[in-house]
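Me: Hey, I'm new to this one. Can you walk me through a few spots?

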Amino acid sequence: MKFDEEYYKEVIKKYNYNPLLFNKIDFQLPGISKNEMQLMWLCSYHSLKNRKVNCENTLFTTGIGLSGVPHMGTISQIIRAIKLQRGGNKVQIVLGDIDAYTGRHISWTQTQHLKEKYRNFILKLGFNSQTGILRAQSDKSVFLTQAKIAGYFKDEIADESEEDLHDLYVKDNKVESKMTFNRKYSLSLMCADFIEPLLMDNFTNIVVFLGLDEHKYVRASKQVMDLMKQEFKVLDSKKIYALYSPLIRGFNGFPKMSKSFTESSLSIQNTPFEIEHKIMNKKEDEMPLQLNVNYQLMKGLMDISEEKAKQVHSDYKNQNVGWIVDKEELLKRVIEIRDMWYE
């Protein structure tokens, strides 16, 4: 499976998304130009084009899984959150400790250790917890919202919310094959994380930003919220939007980086030597640029301007010394990020 332009088109077709609502990035957000948006994200659901995003009533939110230490794909999502925040947008990052415990069978002791490690790391990367929200699922009682969701959370909604890579995870015993009670609990809590700011707080709009492979979670949340409107009229005027980032391809033939498959990722646990070997390996340069993992990491981890992106395109096309310099800059950035985890 390749998470590319064709995958984007297939998602629209397979799940009957309205192409007028599920479309490419053709708008800007406060503090972020359209060109910068296009480098950071692939597409959006319920386009924000021509909509005035009021920072007071719109919350941008994402979740971080705590099944293990972060890899650079996860970190690229954190950096997107920081860029949104620095643009003046209200941003929330939710650390999925309960999801890791119930859905991935990570011990409670380990999830709480990772929760604090991630929290400190995200702050070191530059997230401002005074103007934004950085919390774990266990930090805030969203369980009342989850209880309200339970009245409208149907089995078929859960069954239709498997990740596209579910079979791969099952094959390697990373997750249960069936949508068990534990996994339904995790999914309903994730829906509560998305819906609660609309139901309980003063936000009018939620913009969920995730990888495109996780679009079914947003779909499930919207289905549940539409059913809840029958009873909870406050939700009538509320909206769920989404921004989907392109997936960072994994090493060693994996379709994306994953905590579940250490050989797929460029991880915090990799030594500087291992990081250098993966980034500077010429085998990666045989891929088309948009599928080249190093280029995807540059867009996700570094502040690349439109001019810089054009230069990288040229360097890659010509396979000149400039491309080697580009990779060395990425190597320096990755090691800098890695060192923050251990400080």
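This is a predicted model: local features need pLDDT of at least 70, side-chain atom pairs count only at pLDDT 80 or more; totals for chains, interfaces and linings use all residues.

Me: Is T61 buried or exposed?

Reply: T61 is buried, because its relative accessible area is 1% and the cut-off for buried is under 20%.

Me: What does the side chain of T61 make a polar contact with?

Reply: With the side chain of Q92, at 2.7 Å.

Me: And which residues is T61 in contact with, leaving aside its neighbours within four places in sequence?

Reply: Q92 again, plus V94, F194, I206, V207, V208 and F209.

Me: OK, switching to helices. How do the axes of α11 and α14 cross?

Reply: Helix α11 covers residues 272–280 and helix α14 covers residues 321–342; their axes come within 10 Å and cross at roughly 150 degrees. That angle is over 145, so α11 counts as roughly antiparallel to α14.

Me: Is that crossing left-handed or right-handed?

Reply: The crossing of α11 and α14 is right-handed.

Me: Which residues make the contact?

Reply: From α11, P272, I275, E276, I279 and M280. On the α14 side they are I324, K327, E328, L330, L331, V334, I335 and R338.

Me: Last one, α10. What should its 14 residues span?

Reply: Helix α10 runs over residues 215–228, and at 1.5 Å a residue it should span 20 Å. Its end C-alpha atoms are 20 Å apart, so the two agree.

Me: Which residues in α10 are buried?

Reply: H215, K216, Y217, V218, A220, S221, V224, M225 and M228 are buried there.

Note on methods
Residues are numbered from 1 along each chain as its sequence is written. Side-chain values use heavy atoms; hydrogens and water are left out. Helices (H or I, at least four residues) and strands (E, at least two) are DSSP runs, numbered from the N terminus. The expected span of a helix is 1.5 Å times one less than its number of residues. Buried means under 20% relative accessible area, exposed over 50%, partly exposed in between (1.4 Å probe, protein chains only). A polar contact is a pair of N or O atoms within 3.5 Å; within protein, one must be able to donate a hydrogen and the other to accept it, and residues adjacent in sequence count only if both atoms are side-chain atoms. Contact means heavy atoms within 4.5 Å. Axes are lines fitted to C-alpha atoms, for helices over the stretch in contact, and angles run from 0 to 180 degrees between N-to-C directions. Angles under 35 degrees count as roughly parallel, over 145 as roughly antiparallel, 65 to 115 as roughly perpendicular and the rest as oblique. A crossing is left-handed if the near helix is turned anticlockwise from the far one by less than a right angle, and right-handed if clockwise.
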